[in-house]
Amino acid sequence: MMKIKFGLIVYMLTIPFLTITSCKKNAKLIPEEPKKEEPVKKPELCKSCKLVKSAAELAALSPIAGDTIIMATGDWANQRLIFKGNGTDQKPIVLMAEKAGEVIFKGSSSLSIDGSWLVVEGLNFKNGDLSVSKLNVIDFSAVSRNCRLTNTAIIDYNPADQSVDYRWVSLNGKNHRVDHCYIKGKAHLGPTVVIWGSNDALNHRIDHNYFGTRPELGSNGGETIRVGTSAYYLSESLNTIEENIFDKCNGETEIISNKMSKNTIRNNFFFESRGTLCLRHGNNSEVYGNYLIGNGVAESGGIRIIGEGHLVYNNYLQGIITTGQTCAIAMLDGVPDSEPSGYFQVKNVKVVSNSIINCAQGFDIGAGKGGNSRTVPPANCVIANNVLQMKTGSTYLRFTDIPQNFMYAGNQAFGTIAGADLPTGFTIVDPKLGLNELNIYIAAAGSPVYGAFTGTYSFFQSADVGANKPDNLHKDLLKATGIGPLWLTGLGNQLIIKD
C-alpha cells in the first residue's frame with residue numbers, strides 16, 4: 001500500500017458528492033451553489049491509496065469502496081483507460097491526478113467510466129486524436145450509475161479530418177455529474193457533450209463548466225450539449241444544465257439542443273455564441289435565469305422554442321442582432337402530424353418576465369413558417385411581464401404566422417421600433433433602464449417596471465416586470481467565478497459585455 005500524503009485527496013473527500021442544487025422558484029430565491037465544507041482533519045497518511053502509471057496498471061487493480069487511485073504526474077500517451085468498480089455514496093472510488101492538470105493524456109488516449117459511485121478528478125486531455133478507434137474521449141458506460149467527472153480539461157482533442165464523429169463526453173447510465181471542467185476547441189463532427197436517450201429518468205447534472213470556443217462546423221452535429229434524441233422526445237429525463245459558461249460556441253445553430261422532456265436549463269451564461277438555446281424536441285422543460293449576451297456578433301442567437309408546456313422565464317437577453325428563428329425568443333411553426341424527428345406544434349408555453357435589451361427582434365411567433373413543411377402556428381400560449389428596450393429599426397414582435405388563442409399581459413416596450421403595431425398586453429413606456437458595473441441593464445429608481453407584475457404563476461412570482469436584477473450567483477457567473485477547473489486560471493478574462 002503506497003504511503004501518499006492525504007493532502008493529495010482532501011479536495012475530493014470534502015466536496016459534496018452528486019449534490020443537486022435545490023430551487024425555490026420565486027422572485028427572490030434563485031438556486032444557490034451548495035455550501036463548501038471545511039476540510040475535515042484526517043490521519044496524515046492515506047491508507048487506501050494506490051499509485052498507477054499506465055492503463056495496464058489501472059486494469060490490474062480491483063478497487064473497493066473508499067479506495068483512491070493516484071495517477072502519476074506526466075504524459076500518458078495512447079492509453080485506453082477503463083475505470084471499473086463499485087463504490088458507495090459515502091465511500092466512492094476515486095481516480096485522480098497526482099497533481100491536478102499535470103496528468104496529460106495525448107495521442108489516442110481515452111477513458112471509460114464503468115461502475116457505480118466512481119469519481120474522476122484533475123485529468124487533462126490535450127491535443128489527442130481518436131480517429132482510428134473512434135472511441136469517445138470520456139465515456140460513461142450504459143451500466144454506470146452515480147458517477148462524477150470533475151476538475152478536468154479536454155482541449156483540442158481533434159482528428160485531422162473534421163468529418164470523423166466522436167464525442168468528448170458521452171453520458172450513458174444514470175445519475176451522473178459533470179462539473180468544474182474546461183472543454184474547448186472541438187472542431188469535428190458530433191456534439192461536444194451528449195446525454196444519450198432512455199425511456200427512464202436519467203437525472204444527470206452538468207454544472208459549473210466552462211465551454212470554450214467551438215468553431216463553426218458547417219453542418220448539423222456541432223452542438224455543444226445535446227440531450228437525447230428525437231426517438232425519446234416524450235421521455236421525462238429530468239436532467240439539469242446549470243451555471244455553465246458557453247464562450248463563442250459556434251458549432252451550429254443549436255448550442256444546447258434539448259430533445260427530451262422535463263429538463264431544466266437554468267442560470268447559464270451564453271457569450272457571443274453563434275447559435276441558440278434550443279428546445280428542439282420534447283415537452284415541459286424549464287428555461288430560466290440564463291444570460292444570453294450577443295454583443296452584436298453576427299448569428300449569435302436567443303431561445304428557440306418547439307413543443308408543448310415549456311416554461312421560459314426570468315432570462316436576460318442583450319445584443320442579439322439576428323432575426324427570425326434565431327431572434328431573442330422564437331416560437332416556431334410546427335408540422336402537421338409531425339414525425340418524432342420533425343417539428344411539433346408550440347402549445348401551452350409560458351414566456352414570462354424576460355428582459356430583451358438592444359436586440360434586433362424581440363419575438364417571432366410562427367418562426368420558420370413554410371420551411372420543412374411547417375404550417376401549424378403556435379397555440380394557447382402566454383407572453384407576459386416581459387421588458388423590451390430596443391434600438392432604432394428593431395422589431396418588438398413579428399407574426400410570421402398568426403397564433404391561436406394567445407394571451408399577452410403586462411409587457412413593457414420602449415424604443416424607436418419598426419412595425420410597432422402591438423396587441424393589447426403591450427405598453428409603450430420607458431422602463432428607465434441603466435447599466436450596472438457589469439454592463440447589464442437594470443431598472444433605476446422610479447422605473448415603471450417596479451410593482452407592475454401582472455398575473456399569478458406557480459413557477460415564478462415577482463413584484464416587478466422583466467428579469468430579476470443580477471444576484472450574487474449571477475454576478476459570479478458573469479465573471480466566471482467558480483467556473484471551470486480549480487487549476488486553470490484566467491478563464492473569463494475576455495467575457496466583456498458591451499452595452
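**Burial, rings, cores and strands**

Q: Why is Tyr233 called buried?
A: Tyr233 has 17% relative accessibility. Buried means under 20% relative accessible area, exposed means over 50%, and partly exposed lies in between (1.4 Å probe, protein chains only). Tyr233 therefore counts as buried. The model is a predicted one, in which local features need pLDDT of at least 70 and side-chain atom pairs count only at pLDDT 80 or more, while totals for chains, interfaces and linings use all residues. Residues are numbered from 1 along each chain as its sequence is written, and side-chain values use heavy atoms, with hydrogens and water left out.

Q: What makes Tyr233 and Phe344 an aromatic pair, and is it stacked or tilted?
A: Rings of Phe, Tyr and Trp (its six-membered ring) pair if their centres lie within 6.5 Å; planes under 30 degrees apart count as stacked, over 60 as edge-to-face and the rest as tilted. The centres of Tyr233 and Phe344 are 4.8 Å apart with 25 degrees between the planes, and the pair is stacked. Tyr233 lies in the loop between β21 (225-227) and β22 (240-242), and Phe344 in the loop between β33 (329-332) and β34 (350-352), 111 residues apart. Strands (E, at least two residues) and helices (H or I, at least four) are DSSP runs, numbered from the N terminus.

Q: Which kind of pair do Tyr313 and Phe460 form?
A: The values are 5.6 Å centre to centre and 40 degrees between the planes, and the pair is tilted. Tyr313 belongs to strand β31 (residues 311-313) and Phe460 to the loop between β44 (441-443) and α3 (472-478), so the pair ties together parts 147 residues apart in sequence. Tyr313 is buried at a relative accessible area of 1%, and Phe460 is buried at 2%.

Q: How do you know that the charged end of Arg226 sits over the ring of Trp196?
A: A charge sits over a ring if NZ of Lys or CZ of Arg is within 6 Å of the ring centre and within 35 degrees of the ring normal. The charged end of Arg226 is 5.2 Å from the centre of the Trp196 ring and sits over it. Arg280 likewise lies over the face of Tyr343, at 3.8 Å from the ring centre.

Q: What makes a set of residues a nonpolar core?
A: Such a core is a set of buried Ala, Val, Leu, Ile, Met, Phe, Trp, Tyr and Cys residues joined through side-chain atoms within 4.5 Å. The largest has 81 residues, and Leu111 and Met331 have the most contacts inside it. Strand β7 (residues 93-97) gives the most to this core, with three residues. A second, separate core of 27 residues includes Leu438, Val465, Ala467 and Ala480.

Q: Why is β7 described as mostly covered?
A: Five of its five residues are buried. Ile93, Leu95 and Ala97 cover one side, and Val94 and Met96 the other.

Q: How do you know that β7 pairs with strand β4 (residues 68-71)?
A: Two strands pair if DSSP finds at least two bridges between them. β4 and β7 have four bridges, in the parallel sense, and Thr68 has Val94 as its bridge partner in β7. β7 also pairs with strand β10 (residues 118-121) in the parallel sense over four bridges.
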